[in-house]
Amino acid sequence: MSQPQTPLKNRARRVMPFFGLSMGVSIFALSLLVILPFAMMIITTLQMDFADIIRTIKEPQVFAAIKLSLSMAALATLTNLVFGTLIAWVLVRYEFWGKSFINALVDLPFALPTAVTGIALATLYAPNGFFGQWFSKIGIALTGEPIKIAFTPIGIWLALVVVSFPFIVRAVQPVLAELSVEFEEAAAVMGASRLTTFRRVILPEIAPAMLIGAGMMFARATGEYGSVIFIAGNIPMQSEILPLIIVSKLEQFDVAGAACVALFMLLLSLIVLFAINYAQWRLSARLGAKTN
């Protein structure tokens, strides 16, 4: 007599057994690496009175740094949404000599120390740098004033673009690789223009990945320090970024003030990330509903 077969779900073999143990280790590691530092930041901030917290955030120098950091991070994110998606498209849709080399270059900002990136950009775009001197000459010829990139908000934007663009490329690239060219060909046969094909066929498919990449880019750009510090100029009220404010307060032994500013920056970043993730979830749900 044959033995009754065990249902498939009961016979499923997990690679990592002991769910309770592995879950406990995961929660412990997450708490130790993420939750505990944030909790200590909150505890340190709450050592201040509420009025002192508001006063610290509303300091003109701090408020200017917050505005500059968030605006440059948002601008860098929007810039990379366009050019990062274009790079991902070229790497997926075309075959050309040197493709592997360019694909490897995309990850270079991840591999390089951020300080090296900042020094390289400052060397290139300083007023006497390789590119900076030409911008100065062009500005003098056109308006009588040199065009400055390094030591201005433009330099901050440039540094943030460089260090964050791999996120969007690596987020969109696998989605484009899975998207069949037959959809584009079908749209062309039906008489759709290239712009219409991109807007109605390609963009809805890659939009969730673009939102994920945008969230990661914004988070990276908001807290970036090493690559920006060398090219920003660090002029108070003009090109001073928020991470530098935090470092300055720590150097002045104002630990509570530094934690307060860092916590405020963290809350702003979390709000933006949650909004992007919610938009990505709604978009994915809408696309799933249309598919079904």
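# Reading helix packing in a predicted model

Trainee: What else describes a pair of packed helices?

Mentor: In general, two packed helices are described by the angle between their axes and the distance between those axes. Here, helix α7, residues 114-125, packs against α9 at an angle of about 135 degrees, and the axes are 11 Å apart. That makes α7 oblique to α9. The reason is the cut-off: only angles over 145 degrees count as roughly antiparallel.

Trainee: Which residues of α7 and α9 meet?

Mentor: On the α7 side they are T117, L121 and Y125, and on the α9 side L158, A159, V162 and V163. Sorted by class, the contact of α7 with α9 has six nonpolar residues, one polar and no charged.

Trainee: Take α9 and α11 next. At what angle do their axes cross?

Mentor: Helix α9 covers residues 153-178 and helix α11 covers residues 194-222; their axes cross at roughly 150 degrees and come within 8 Å. The two helices are therefore roughly antiparallel to each other. The crossing of α9 and α11 is right-handed.

Trainee: Which residues make the contact of α9 with α11?

Mentor: From α9, the contact uses L160, V163, S164, F165, F167, I168, A171, V172, V175 and L176. From α11, it uses I202, E205, I206, A209, M210, G213, M216, M217, R220 and A221. By class, the contact of α9 with α11 holds 16 nonpolar, two polar and two charged residues.

Trainee: And α4 with α11: how far apart are their axes?

Mentor: The axes of α4 and α11 are 9 Å apart, and the packing angle is about 140 degrees. That makes α4 oblique to α11. The crossing of α4 with α11 is right-handed.

Trainee: What does each of α4 and α11 bring to the contact?

Mentor: α4 contributes L70, A73, A74, T77, N80, L81, T85 and W89, while α11 contributes I202, I206, M210, A214, M217, F218, A221 and T222. The contact of α4 with α11 divides into 12 nonpolar, four polar and no charged residues.

Trainee: Let me follow one residue. Is T85 buried or exposed?

Mentor: The general idea is a threshold: a residue counts as buried under 20% relative accessible area. T85 has a relative accessible area of 9%, so T85 is buried. T85 sits in helix α4, residues 60-93. Leaving out residues up to four places away in sequence, T85 touches N80, I168, V172, I206 and M210.

Trainee: How does V161 compare in its own setting? Where is V161 found, and what does V161 touch?

Mentor: V161 is in helix α9, and V161 is buried, with a relative accessible area of 14%. Apart from residues up to four places away in sequence, V161 touches A76, T79 and N80.

Trainee: How do I read separation in sequence against separation in space?

Mentor: Take the two numbers side by side. V161 and T77 are 84 residues apart in sequence and 7.3 Å apart in space, from C-alpha to C-alpha. D52 and S22 are 30 residues apart in sequence and 43 Å apart in space, also C-alpha to C-alpha. D52 belongs to helix α3, residues 50-57, and D52 is partly exposed at a relative accessible area of 27%.

Trainee: What about the backbone? Which value of phi does F253 have?

Mentor: Phi of F253 is near 65 degrees, a positive value in a residue other than glycine. F253 is in the loop between α13 and α14, and F253 counts as exposed at 74% relative accessibility. M237, which is not a glycine, has a positive phi of about 70 degrees. M237 is in the loop between α12 and α13.

Trainee: Last, the record. Where does UniProt place the feature "transmembrane region"?

Mentor: The unreviewed UniProt entry gives residues 21-43, 63-92, 104-127, 147-169, 209-235 and 255-276. In the model, residues 21-43 are 100% helix and 0% strand, with end C-alpha atoms 30 Å apart. Residues 255-276 are also 100% helix and 0% strand, and their end C-alpha atoms lie 31 Å apart.

Trainee: Which residues does the annotation "domain: ABC transmembrane type-1" cover?

Mentor: According to the unreviewed UniProt entry, it covers residues 66-276. Over residues 66-276 the chain is 79% helix and 0% strand, and the end C-alpha atoms are 20 Å apart.

Notes:
Residues are numbered from 1 along each chain as its sequence is written. This is a predicted model: local features need pLDDT of at least 70, side-chain atom pairs count only at pLDDT 80 or more; totals for chains, interfaces and linings use all residues. Side-chain values use heavy atoms; hydrogens and water are left out. Axes are lines fitted to C-alpha atoms, for helices over the stretch in contact, and angles run from 0 to 180 degrees between N-to-C directions. Helices (H or I, at least four residues) and strands (E, at least two) are DSSP runs, numbered from the N terminus. Angles under 35 degrees count as roughly parallel, over 145 as roughly antiparallel, 65 to 115 as roughly perpendicular and the rest as oblique. A crossing is left-handed if the near helix is turned anticlockwise from the far one by less than a right angle, and right-handed if clockwise. Contact means heavy atoms within 4.5 Å. Ala, Val, Leu, Ile, Met, Phe, Trp, Tyr, Cys and Pro count as nonpolar, Asp, Glu, Lys and Arg as charged, and the others, Gly among them, as polar. Buried means under 20% relative accessible area, exposed over 50%, partly exposed in between (1.4 Å probe, protein chains only). UniProt positions are given in the numbering used here, feature names are shortened, and annotations may be inferred rather than shown by experiment.
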